[in-house]
Amino acid sequence: MCQHQPLCPTADSADREAARLRAHRPEQGWSLLCNGVVIFEDTGELLPDGQIVPPHRPLTPGRVTRAA
């Protein structure tokens, strides 16, 4: 798929999110990467083979809630 030099990471590599954007639709909440991965604004992903990667937002101190 990728015609860039150096080539973008493949869809099954750990750094797949580093691939270049092919399409960006912020109004719909998704982007298509050069390696065929669709990433969503909630950080979930859809891989070219149909596999789903659940959202993986990092937990930051301001977002963590504690039970009383």
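Biologist: Is Ser-13 buried or exposed, and why?
Modeller: This is a predicted model. Buried means under 20% relative accessible area. Ser-13 has 18% relative accessibility, so Ser-13 counts as buried.

Biologist: Which residue has its backbone oxygen 2.8 Å from a polar side-chain atom of Ser-13?
Modeller: Ser-13 lies in the segment before β1. A polar atom of its side chain is 2.8 Å from a backbone oxygen. That oxygen belongs to Thr-10.

Biologist: Where is Arg-16 found?
Modeller: β1 spans 21–25. Arg-16 is found in the segment before β1.

Biologist: Which residues is Arg-16 in contact with, leaving aside neighbours within four places in sequence?
Modeller: Pro-9, Thr-10 and Ala-11 are among them. Thr-10 also supplies the backbone oxygen 2.8 Å from the Ser-13 side chain.

Biologist: What pattern does the protein chain follow along the sequence?
Modeller: The chain has zero helices. It has five strands. Read along the sequence, the pattern is β-β-β-β-β.

Biologist: What percentage of the residues in the protein chain is buried?
Modeller: The chain has 68 residues. Ser-13 counts as buried, and Arg-16 does too. Buried residues make up 29% of the chain.

Methods
Residues are numbered from 1 along each chain as its sequence is written. This is a predicted model: local features need pLDDT of at least 70, side-chain atom pairs count only at pLDDT 80 or more; totals for chains, interfaces and linings use all residues. Side-chain values use heavy atoms; hydrogens and water are left out. Helices (H or I, at least four residues) and strands (E, at least two) are DSSP runs, numbered from the N terminus. Buried means under 20% relative accessible area, exposed over 50%, partly exposed in between (1.4 Å probe, protein chains only). Contact means heavy atoms within 4.5 Å. A polar contact is a pair of N or O atoms within 3.5 Å; within protein, one must be able to donate a hydrogen and the other to accept it, and residues adjacent in sequence count only if both atoms are side-chain atoms.
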